[in-house]
Amino acid sequence: MPTATRSTVDRLDQPSAYFLGRQSRKRKNDRDRDDREDKERTPEAVSEDPLKDAATLYVGNLSFYTTEEQIHELFAKCGEIKRLVMGLDRYNKTPCGFCFVEYYTHQDALDCMKYIGGTKLDERIIRTDLDPGFQEGRQYGRGKSGGQVRDEYRDEYDPGRGGFGRAVAEERAKEEREYGSGK
Amino acid sequence: MGDYENRGRGGRGYNNRKRRYRGELRKETGGPISGLISQDDDDYDRRPQRRRYEEPPVVKIRKQLLSIAESLKKPEDEIRSISQALIENYDDEELRNNVLDLILQLTVEQPFKIPFVAAVILVSNPQKPEIAKEALVRAASDARKYLEDGSWRQFKLSLRFLGCLQGLFEGDGVFTVLEELFSRAIDLQTASSDDGLGLELVKIILLTIPYILSSSALGFEQQAASLLEKTDIIASTPHALEALVDPYPEAERPREPVLSLLQKQLQTEAGRDWELACIPRVWKLPLGEDGQDPLATATKHAFPEIPIPKSVNPGPKSLFPEVFFSAYADQEVETVPPSTEIASSLLRDALIDTINILDFNRNATARFLIDIDCYFSTDTFIKRATPFDRLKEVAGDKSTWKPEDVAVDAVFSQLFQLPTPEHKLVYYHSVLTEACKIAPAAIAPSLGRAIRFLYRNLDSMDMELSFRFMDWFSHHLSNFGFTWKWTEWSDDVELPDIHPKKAFIIGALEKEIRLSFAQRIRGTLPEPYQPLIAEAKEKDAPDFKYSFDETPFALEGKEIISLLRKKAPEVEIQGVLNLIQEKAMGVGIADPLIPSTDAYVTSICAIGSKSLSHVLSCIERCKERLLAIGPQSETARRQIISSAMDYWKDQPGVGVNIIDKLLNYTILTPMSVIEWALIDHNDQGRNLAKSHIYEMVSTTVFKVTNRVRQIVAARDQEGLPDDQVNMLNETLVREREEQKIMFKVIEDSLINCAHGTKDEIMENSNSVSVDERLLRKWPERWLKVFRRKFAVEEAVIGDAVRVQVKAED
């Protein structure tokens, strides 16, 4: 019998599959590395849940045009905001559609998962995910051209996030040019 | 029942999202047996071909139990089928534990299903009395635990489960507990007149009675009647704090406390032979071959021990009396049960519990709201989504109660619960949003009628609630493309800004803009509303007043901003500030620190105008100088507020945010904010109608009260050493005193303001104009809100102090 009683209805304040997947990949990598480098690694260090007291959220699917003030206005409905870090294009330093919101308490972050994740901001459904905490450098997009990875290869047009994915747009522009030059 | 297209999916639609987590859950629980509802769906989705194996009985029964009453099937058939499977497999220990645990878990997590899961136990009893015996042991142990923890909701639901099983018991059954509860309630009420716990106990008694009397048990009418006679004295006496939590203090109709309504409704129902029409009687079995009811001849059980301790645990929350709220009370066709009907309380109570228990999954909550008609007797409601104007024609002589109105009304009752609802307000926003997304055709028109009711009655509504309404309304619209039929309120645009309706329109638009942007919102508004959105709101950044040469100290202002921009040394900045002060003294300005502060703070705001983080980093850089202003001059400290609010006058929301951060830096004090808003800048009381002024004052007050509560929480941690407890106690005394002074200042300035407007009116005119009458209302409305806040804090902290004193004894 499972010891902890699961609720009869799912909870919305759980970390996403994305986070859990990354965590288990990371753990696996750590393990591989540790096996090679350090056999005396303590197992407890790994089993500690990095989200146990998390007061930070990753917020995704924002429009590039959504301002800090708008984010503040919505997210403050779950509690006072300690810090708000906008996600920026690595090269242009312009907003690229995500941010980190840090509350003062873990409970506020959980409430935000339950009550705000999946609702609209600036007329887009936004995504929230519990996050172990902001670190310098994480505010920048990790995509090839400076934005988020998802905006590289997106093949549907999203006016709030710079149109087509950049790689796709590039491809199309190239085709255009080649067509124009008579190929 | 049963002809709705969405019933096939009933209660299951939201489970689809579980698929994502499935892998993890399986891994954790080590097998397919878990609290999941939708494993079948998952399997089905993955493998469209026929299943090759029968799933184990435990999985099957769990699934049936979890979805009980949700589907198209007749609940009676579901109940009998579950019961049969349980009887057949009862020897399997794992299955037995699993199923009984689940039944009790459903009791406290999905209260709509209590009569149904109780019926499973009930109809199993003739064949297999062991099932009931074991279930009672577990239910009683749960109930004792809830009692010990002061978890009153769960205790109530456990009792409801037992109440539905009254037919199982020898003797008086649940009534023995109810009688004991009542004697505790009497003790509590005699001890203190503002006791809330006693009321809660009486409410639990009254809400249990209907489930006993609609159960299979016969012949308890007399006991119920005599209990009702006794509860009358407590339930019908007005509570001391009732007036504080009245949602419509200025309405003409009398206030309706939930408890006294419930008492009257039950008395009425007693007079109708306890018809209790809305509770489903799903336990009915066909008569046996001998013509006997098998339930009546089945084995009886002793009622399990549930002793009520002499001194009951009040639980973690402070309990306040409740006043009944409905947004559908005054319609020409009844769409919700009238407050004279017991159905009104039974439906509302089950809904509120469902809503508040399931805050961790708003989609599930919304699904329950939409499916409410599945859980009550067939004729309780009219068909879903019946348009309001066709109710009479569709209903004929049957019920005109709209399931979606009843459901939405319950959410509003929580959103407008005073002093505060159980969860953050945004939870209730999100439930309404989801419900609207799941069934727009049914929910949206109901919301529309509720909005019109709320708007129509803004004049008599408690002011805090009118701001909650504004906040919900703008947030809700932001989720649905900001569409609202503004034309129907067009005439009200002509009203003076201090009219509650006009103030609502202005405030709601302001909040919409804060969630979006001015141009977008302008686009959603008809012509008459256009002037309400100033052109200046569309500017990228507000003007820097010192860039206009006619502004006093224009030169110095420009100098300061450029020094700040290039991060010049502090001495250079000080030089310019000195210059302003000297000039100011020259022209006879009493406090020369005021114009220099103005130039300094305005420059900070302008440099930080790009975003909140820009202004924050600028404040951070300048904080030493800012911190030094207050101690030199209180008026200069308040000038900081004036400068920020003046710079952001077209987007006051940004200004309010900055003030909030300045408070955190202790550059401002709570008192300075309050005095700025209620004394210096009250604009003969006109500012009291502005939502951002209320926001500024109430967030400031919250900061102070929250701090006091945190000190209490820190002190009450377990295992804290004595010296730390003592230290925290000293801090508590000091902070409580400051809190008291703050509330006193609010009170005094509002009273002054009320007198001020009166005096002015006396002087200025013989006849009191509409405008003046409106003006006079605001300080009174504010007073009501802040007196309540003070009373609540006193009660909450008072409780905490009392608990500690008790613990020391």
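This report walks through a predicted model with chains A and B, from the sheet in chain A to a few picked residues in chain B.

## The sheet in chain A

Let's start with chain A. Here you'll find an open sheet of 4 strands, in the order S2-S3-S1-S6, with antiparallel pairing. The edge strands are S2 and S6 (127–131), each of which pairs on one side only. On average, and ignoring direction, neighbouring strands in this sheet are turned by 25° against each other. As a reminder, strands of a sheet pair through backbone hydrogen bonds, either parallel or antiparallel.

Now for the individual pairings. S2(A), residues 81–88, is joined to S3(A), residues 95–103, by 6 bridges, and the two run antiparallel. Within this pair, A:Leu84 sits opposite A:Val101 of S3(A). S2(A) and S3(A) make a hairpin with 6 residues between them, and A:Lys93 in the turn has a positive phi of about 60°. S3(A) is also joined to S1(A), residues 56–60, through 4 bridges, again antiparallel. There, A:Thr56 has A:Glu102 in S3(A) as its bridge partner.

## Helices over the sheet

How many of the 8 residues of S2(A) are buried? The count is 6, so the strand is mostly covered. Helix H3(A), residues 68–75, lies across S1, S2, S3 and S6, and runs at about 140° to S2(A). Helix H4(A), residues 106–115, lies across S1, S3 and S6, at about 155° to S6(A).

## Nonpolar cores

The largest nonpolar core has 269 residues, and the members that touch the most others are A:Phe75, B:Phe155, B:Phe412, B:Phe473 and B:Trp782. Helix H10 of chain B (residues 197–213) is the top contributor to this core, giving 12 residues.

Leaving out residues up to four places away in sequence, B:Phe412 touches B:Phe325, B:Leu432, B:Leu447, B:Ala450, B:Leu454 and B:Trp472.

## Annotated stretches of chain B

UniProt, in an unreviewed entry, lists "domain: MIF4G" at residues 63–212 of chain B. In the model, this stretch is 76% helix and 0% strand, with its end C-alpha atoms 28 Å apart.

The unreviewed UniProt entry also places "domain: MIF4G-like type" at residues 337–527 and 544–794 of chain B. Residues 337–527 come out at 59% helix and 0% strand, and here the end C-alpha atoms are 40 Å apart.

## Aromatic pairs

Over all chains, a search of the whole structure turns up 41 aromatic pairs. Take B:Phe116 and B:Tyr375: their ring centres are 6.4 Å apart and their planes are at 80°, so the pair counts as edge-to-face. Why does this pair tie together parts that are 259 residues apart in sequence? Because B:Phe116 lies in helix H6 of chain B (residues 114–124), while B:Tyr375 is in the loop between helix H15 (362–370) and helix H16 (391–395) of chain B. B:Phe116 is buried at a relative accessible area of 1%, and B:Tyr375 is buried at 1% as well.

Another pair is B:Trp484 with B:Trp489. With centres 5.3 Å apart and planes at 50°, this pair is tilted. Both tryptophans fall under the 20% cut-off for buried: B:Trp484 has 16% relative accessibility and B:Trp489 has 5%.

Is B:Glu242 buried or exposed? Its relative accessibility is 7%, so B:Glu242 counts as buried. B:Glu242 belongs to the loop between helix H11 (221–236) and helix H12 (258–270) of chain B. Apart from neighbours within four places in sequence, B:Glu242 contacts B:Arg255, B:Pro257, B:Pro321 and B:Val323.

B:Asn657 is in helix H28 of chain B (residues 652–664). With 12% relative accessibility, B:Asn657 counts as buried too. Which residues does B:Asn657 touch, not counting those up to four places away in sequence? They are B:Leu612 and, over in chain A, A:His72. From B:Asn657 to B:Ala395, the C-alpha atoms are 52 Å apart in space, and the two residues are 262 apart in sequence.

Notes. Residues numbered from 1 in each chain as written. Chains lettered and ligands numbered in written order. Predicted model: local features only at pLDDT ≥ 70, side-chain atom pairs only at ≥ 80, totals over all residues. Heavy atoms only, no water. Core = buried A, V, L, I, M, F, W, Y, C linked by side-chain atoms within 4.5 Å. Buried < 20%, exposed > 50% of the residue type's maximum accessible area, 1.4 Å probe, protein only. Contact = heavy atoms within 4.5 Å. Pairing = 2+ DSSP bridges. Axes fitted to C-alpha atoms, helices over the stretch in contact; angles between N-to-C directions. UniProt positions renumbered as here; feature names shortened; annotations may be inferred. Phe/Tyr/Trp six-rings, centres within 6.5 Å; stacked < 30°, edge-to-face > 60°.
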